[in-house]
Amino acid sequence: MHIMEGFLPPFWAAAWYLVAAPVVAFGAYRTAKMVREDSSRIALVAIAGAFVFVFSALKIPSVTGSTSHPTGTGVAVVLFGPAVTAFLSTIVLLYQSLLLAHGGISTLGANVAAMGIVGPFVGWLTYRFTRRYAGLEGSTFAATVVTNWVTYLVTSAQLAMAFPAGGGLEGVGSAMAGFAAVFAVTQVPIGLVEGAIAAGLIGYLVEVKADVRTRLGVPA
Amino acid sequence: MNRAILVGVALLVALVAITGVVPGAWGGADGEAEETIGEVAPEYEPWFSPIWTPPSGEIESLLFSLQAGLGGAVIGYYVGAFGRNRNASNA
């Protein structure tokens, strides 16, 4: 889910643009630099971006009687970290807001912050942590599930800050619980689907591609 | 196809199958969030509307399929190329 066009008051819309813009700019710079250094990396960047494209196009039914979509950012997080993921997510979010009336231009900053920055960053920390104890596929699975879930928690928090259910932090907290109740349960099974497929794809890439092994620190 | 992908696909099929058993409208969670905003802030009016909206549900699903199809083609192309390169170098 993305926050719909016009559904954040101007103040919050602008604030999230300020948060997202520098990270996306840095991500674009990192992506360009990485590809300039070694043009064969463009294949991996394309796969990571395409994964976001495919998965954010799917509206998957959950056990809750509603549908929602995965974020598809897990593969990018594992391969490249959060900055590049922010840049790739922005492309997809632009496509959806311009051509599908899904998400929006006014809410682009907030949606990038959730799906491209905070979710992937927490997912990336999860990956770094679990990788010490678990295999590559298990860590990719965990990172992808966490990325997906945190993305939706951030969206809930963004809506709660703009539409608190009362005064102060308490009002924000209770509104966030309301929004999270809509998304969190829906998102759990969907995150598991995404996590398993991301883990499978990364597992395959490592098998067939020597520079992915090097990048992810897997012995040949 | 490896095991993890099979597990993911099986889960996906199970989720779709559930829609036949569990009652629900199966609308988007974004719509539900919109309703929740309506409850918390009934006076709120969206101040900006989409620049362009797909003229019908069919056109919208066309553009969604295009998005998924393009992504799938790119993944298939490169993953296929990686696989062939490995087989060629092993030969």
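In this predicted model, an open sheet of mixed pairing is formed by 3 strands in the order β1(A)-β2(A)-β1(B), where strands are DSSP runs of E of at least two residues, helices are runs of H or I of at least four, and both are numbered from the N terminus. Two strands are taken to pair if DSSP finds at least two bridges between them. The edge strands, each pairing on one side only, are β1 (60–61) of chain A and β1 (27–28) of chain B. Strand β2 (residues 66–68) of chain A pairs with β1(B) in the parallel sense over 2 bridges, and T67(A) stands opposite G28(B) in β1(B).

Chain B has 51 residues in contact with 55 residues of chain A, contact requiring that the C-beta atoms, placed from the backbone, lie within 7 Å. On the side of chain B that touches chain A, at least two residues each are supplied by α1 (3–18), β1, α2 (29–40) and α3 (57–90) of chain B, and the largest share, 15 residues, comes from α3(B).

Residues are numbered from 1 along each chain as its sequence is written, while chains are lettered from A and ligands numbered from 1 in the order in which they are written. Because the model is predicted, local features need pLDDT of at least 70 and side-chain atom pairs count only at pLDDT 80 or more, whereas totals for chains, interfaces and linings use all residues.

Definitions and conventions. Contact = placed C-beta atoms within 7 Å.
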